[in-house]
Amino acid sequence: MELTIRIPDHTAAIFDYLQKGLFISSNSTNEEVRDLYDIIDDDFEALSIYFAQIGYTLERGNEYFYFSRTEPRVTLEQKILRAYYWIDVLDLFKTYDETFGPGYRFQPEQILVEANINVMLQNKLDGIRKHFSDKDVRKEVLDNMIRQLTRDSFLELENEKNNTYKVMSSWNYLERLIESINIYDDSQDDEKPE
């Protein structure tokens, strides 16, 4: 199949970034990432066709882009454990502040201070320990979680001096993922209408 599309000059940089499983968000603190976002936004159709030829699907979210592709089936148990983790993460941050989402700025220390006076937040943070079995101290659990969220491009360190993080547009992906989980109640099947 011969492709007759014009792809942008930075296609290799876009591929290198996205193939790591990262997101390119419009509100990134990194100017290069924002530039890549603009390039994809301008040439989405051509890039989608191009990447499809090498087995990647370029996906557009709410102010973010990412790759998806057909992977070998992962065990159901692994998927469920990962979903539990994301539910716990979103629940923790929404308990901390209901407005937590893309563009939100925070310092991990603020969450720890709030956890000392908010029992519900404290319990949620303690509940995340199960995902980091070797971590007993709340600060270590939170630092580990934030490090992972940053590595996965859901958060960015905006100000290293005062340790301020910014929530990326890709956070919408997590929220959409959790909202799409359907839980069916099998006990309803056993009940017969009278």
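Residues are numbered from 1 along each chain as its sequence is written, and side-chain values use heavy atoms, with hydrogens and water left out. Because the model is predicted, local features need pLDDT of at least 70 and side-chain atom pairs count only at pLDDT 80 or more, while totals for chains, interfaces and linings use all residues.

Helices (H or I, at least four residues) and strands (E, at least two) are DSSP runs, numbered from the N terminus. Helix 2 covers residues 31-42, 12 residues in total, and spans 17 Å from its first C-alpha to its last. This is close to the 16 Å expected at 1.5 Å a residue, where the expected span is 1.5 Å times one less than the number of residues. Buried residues have under 20% relative accessible area, exposed residues over 50%, and partly exposed residues lie in between (1.4 Å probe, protein chains only). In helix 2 the buried residues are Val33, Leu36, Tyr37, Ile39 and Ile40. Viewed down the axis of helix 2, they fall within an arc of 165°, so they line one face of the helix; the arc is that of the directions from the helix axis to the C-beta atoms. The face turned away from this buried side carries the exposed residues Glu31 and Asp42. Packing partners of the buried residues are helix 1 (11-18), strand 1 (24-25), helix 3 (44-52), strand 2 (57-60) and strand 3 (64-68), with contact meaning heavy atoms within 4.5 Å.

The N-terminal end of helix 2 is capped by Asn30, a side-chain oxygen of which lies 2.8 Å from the backbone nitrogen of Glu32. Ser28, in the loop between strand 1 and helix 2, is buried, with a relative accessible area of 2%. A polar atom of the Ser28 side chain lies 3.0 Å from the backbone nitrogen of Asn30. Not counting residues up to four places away in sequence, Ser28 touches Val33, Arg34, Glu156 and Met168.

A nonpolar core is a set of buried Ala, Val, Leu, Ile, Met, Phe, Trp, Tyr and Cys residues joined through side-chain atoms within 4.5 Å. The largest such core has 31 residues, of which Phe93, Phe106, Met145, Leu149 and Trp171 touch the most other members. Helix 4 (76-96) is one of the elements that each supply at least two residues of this core, and its seven residues are the largest share. Another core, of 16 residues, lies apart from it and includes Ile14, Tyr17, Leu18 and Leu22.

The whole structure contains 24 aromatic pairs. Rings of Phe, Tyr and Trp (its six-membered ring) pair if their centres lie within 6.5 Å; planes under 30 degrees apart count as stacked, over 60 as edge-to-face and the rest as tilted. The ring centres of Phe93 and Phe106 are 5.8 Å apart and the planes stand at 55°, so the pair is tilted. Phe93 belongs to helix 4 and Phe106 to strand 4 (residues 105-106), 13 residues apart, and both are buried. One aromatic cluster is formed by Phe23, Tyr64, Tyr66, Tyr85, Trp86, Phe154 and Tyr173.

Notes:
Polar contact = N/O pair within 3.5 Å; in protein donor to acceptor, adjacent residues only side chain to side chain.
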